[in-house]
Amino acid sequence: MSLNPRLVKESFSVVEPHAERATAYFYGRLFAESPHLRAMFPPAMDVQRDRLFSALTRIVWSLDSPGGLSAYLEQLGRDHRKYGVLAEHYTAVGNALLATVRRFAADVWDHEIEAAWVSAYTAAANLMIGAAEADAGVSPAWWPAEVVGHERRHRDIAVLTLRPAQRLPYLPGQYVNVQTARWPRVWRTFSIANAPRLDHTVRLHVRSVPGGWVSTALTRHTAVGDTVMLGPAMGTMTPREHSARDLLCVAGGTGLAPLKAIVEHVIASGRRPNIHLLYGARTADQLYDLPDLLRMAAAFPWLRVLPVVSGDPSWDGMRGELPEVTQRFHSWAEHDVYVCGPSSMVNDTVRRLQAGGVPLARIHRDVAHGET
Ligand SMILES: NC(=O)C1=CN([C@@H]2O[C@H](COP(=O)(O)OP(=O)(O)OC[C@H]3O[C@@H](n4cnc5c(N)ncnc54)[C@H](O)[C@@H]3O)[C@@H](O)[C@H]2O)C=CC1
């Protein structure tokens, strides 16, 4: 059976407008046919549903670029170890997925499309299973980590320092899934906010978002001595090792976390690029990490930290929305650029930088990963 990305994409585009109903149907089928799998999922499935569909969308639309897709699927396979997923579970998931696309693309469905989905799913599942099995030989499925520091920097923002029982390998700029004892099986992503350290500790910047189970547990109901679980590191917004360019980092709110790790790493590498870090918040009291960043700038004269406040006219410094503020400077066209924060801010910043002559290949951002 050969892959036929075109047929998979065309039929998926028929399903896409019905994403919500299709995902609900998928889980309904899965749990009806394999009730024992329900226990692997969190009690509330809303975030899980969104994650499933966005992963599926990414996979389907990348079927033509096998290189990037394989890396993504392998990472996904390794990450699924923390849920206790085994090779045999992929058959049940594949059956439920096929039943779902068959139903929601019924108007166009035929044997050829069915064959295209079966071969695409089989190839994807094999990559995930292979990566998970290879990883099982060398790495734990998750890392228990002790909370060794917990600072409330603002009513809604905490900076946590965690010490994994075993070294958690990661690259600066990557993120991890986090689970708290308060909400078993509920995992949310947070970026690691420091370059790897000798004592293996990792820092997270967490804003408690309304209705956010994990973010609220981490900011308000977690203390030194508690244990949290970390999944493997993921994400591709990592520093370009062989670049000699200067850097522009644009950080919105807690989106600072991965950019701080990247800046720390660049400084520790011995390179001396000029680094501009635009650090935005709505109000001055939400610039929760400014004292630390100013200390870094004092120790490394090539780093310029520029705090920007968008919602406080009395702020005696740079004011405005980050995307627009980036345009107030000379051109960034020769810089490596890293952008992180609320997705609308990131999208607008990238658009304006591109219009200002920065090639897209030099603008690094992460595909949004929600933190709730
Ligand atoms: N905590 C973490 O480890 C990570 C967080 N993130 C993301 O970073 C974001 C941080 O959110 P908050 O701290 O609540 O930020 P926030 O909502 O307080 O905004 C921070 C900055 O972004 C600007 N901004 C917000 N919306 C904008 C828009 N539509 N257009 C232009 N500028 C805008 C604000 O003016 C401010 O300067 C979240 O979306 C989170 O998912 C991303 C990666 C890691």
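Tutor: Two strands pair if DSSP finds at least two bridges between them. We apply that to a predicted model.

Student: How many bridges join β11 and β12, and in which sense do the strands pair?

Tutor: Strand β11 covers residues 336–340. The cut-off is at least two bridges. β11 and β12 pass it, with three bridges in the parallel sense.

Student: What is the strand order of the open sheet that holds β10 and β12?

Tutor: The sheet has six strands, and the pairing is parallel. β10 and β12 are its edge strands, each pairing on one side only. So the order must run from one of these to the other. It reads β10-β9-β8-β7-β11-β12.

Student: How many bridges join β8 to β9?

Tutor: β8 spans residues 275–281 and β9 spans residues 303–309. The two run parallel. Gly280 stands opposite Val308 in β9. The count of bridges is seven.

Student: Which residue of β10 is the bridge partner of Val309?

Tutor: β10 covers residues 318–319. β9 pairs with β10 in the parallel sense over two bridges. The bridge partner of Val309 is Arg319.

Student: What is the handedness of the β-α-β unit made by β8, α9 and β9?

Tutor: The helix, α9, covers residues 290–299. α9 packs on the sheet, touching β8 and β9, and its direction makes about 155 degrees with that of β9. Look with the strands pointing away from you: a clockwise path over the helix counts as right-handed. This unit is right-handed.

Student: Which strands does helix α8 touch?

Tutor: α8 covers residues 256–268 and packs on the sheet. Its direction makes about 155 degrees with that of β7. The strands touched are β7, β8, β9 and β11.

Student: Which element gives the largest share of the largest nonpolar core?

Tutor: That core has 65 residues. Cys249, Ala251, Leu259, Leu277, Tyr279 and Tyr338 touch the most other members. The largest share is seven residues, and they come from α8.

Student: Between which domains does this core lie?

Tutor: The protein is divided into domain 1 (5–136), domain 2 (143–230) and domain 3 (247–365). Two of them give residues to the core, so it lies between domain 2 and domain 3.

Student: Which residues does Cys249 touch, leaving out those up to four places away in sequence?

Tutor: Cys249 is among the core residues that touch the most other members. Leu259, Leu277 and Tyr338 are on that list too. The contacts of Cys249 are Leu259, Ile262, Val263, Ile275, Leu277 and Tyr338.

Student: How many residues are in the second, separate core?

Tutor: Its members include Leu56, Val60, Leu73 and Met128. The total is 24 residues.

Student: How far apart are the centres of domain 1 and domain 3?

Tutor: Domain 1 is 5–136 and domain 3 is 247–365. Their centres are taken over C-alpha atoms. The separation is 36 Å.

Student: Which strands stand at the edges of the open sheet with antiparallel pairing?

Tutor: This sheet has six strands in the order β4-β3-β6-β1-β2-β5. Its twist averages 40 degrees from one strand to the next. Each edge strand has a single partner, so one side is left without a neighbour in the sheet. The edges are β4 and β5.

Student: What is the bridge partner of Val159 in β5?

Tutor: β2 covers residues 157–164. β2 and β5 pair in the antiparallel sense over six bridges. The partner of Val159 is His205.

Student: Is Arg185 buried, exposed or partly exposed?

Tutor: Arg185 lies in the loop between β3 and β4. Its phi is positive, about 70 degrees, although it is not a glycine. It has 14 other C-beta atoms within 10 Å. Exposed needs 12 or fewer and buried needs 20 or more, so Arg185 is partly exposed.

Student: What is the phi of His200?

Tutor: His200 sits in the loop between β4 and β5. With 16 C-beta neighbours inside 10 Å, it counts as partly exposed. Its phi is positive, in a residue other than glycine: near 65 degrees.

Terms used. Residues numbered from 1 in each chain as written. Predicted model: local features only at pLDDT ≥ 70, side-chain atom pairs only at ≥ 80, totals over all residues. Helix = DSSP H or I, 4+ residues; strand = E, 2+ residues; numbered from the N terminus. Contact = placed C-beta atoms within 7 Å. Axes fitted to C-alpha atoms, helices over the stretch in contact; angles between N-to-C directions. Domains from an automatic or database assignment. Core = buried A, V, L, I, M, F, W, Y, C linked by C-beta atoms within 7 Å.
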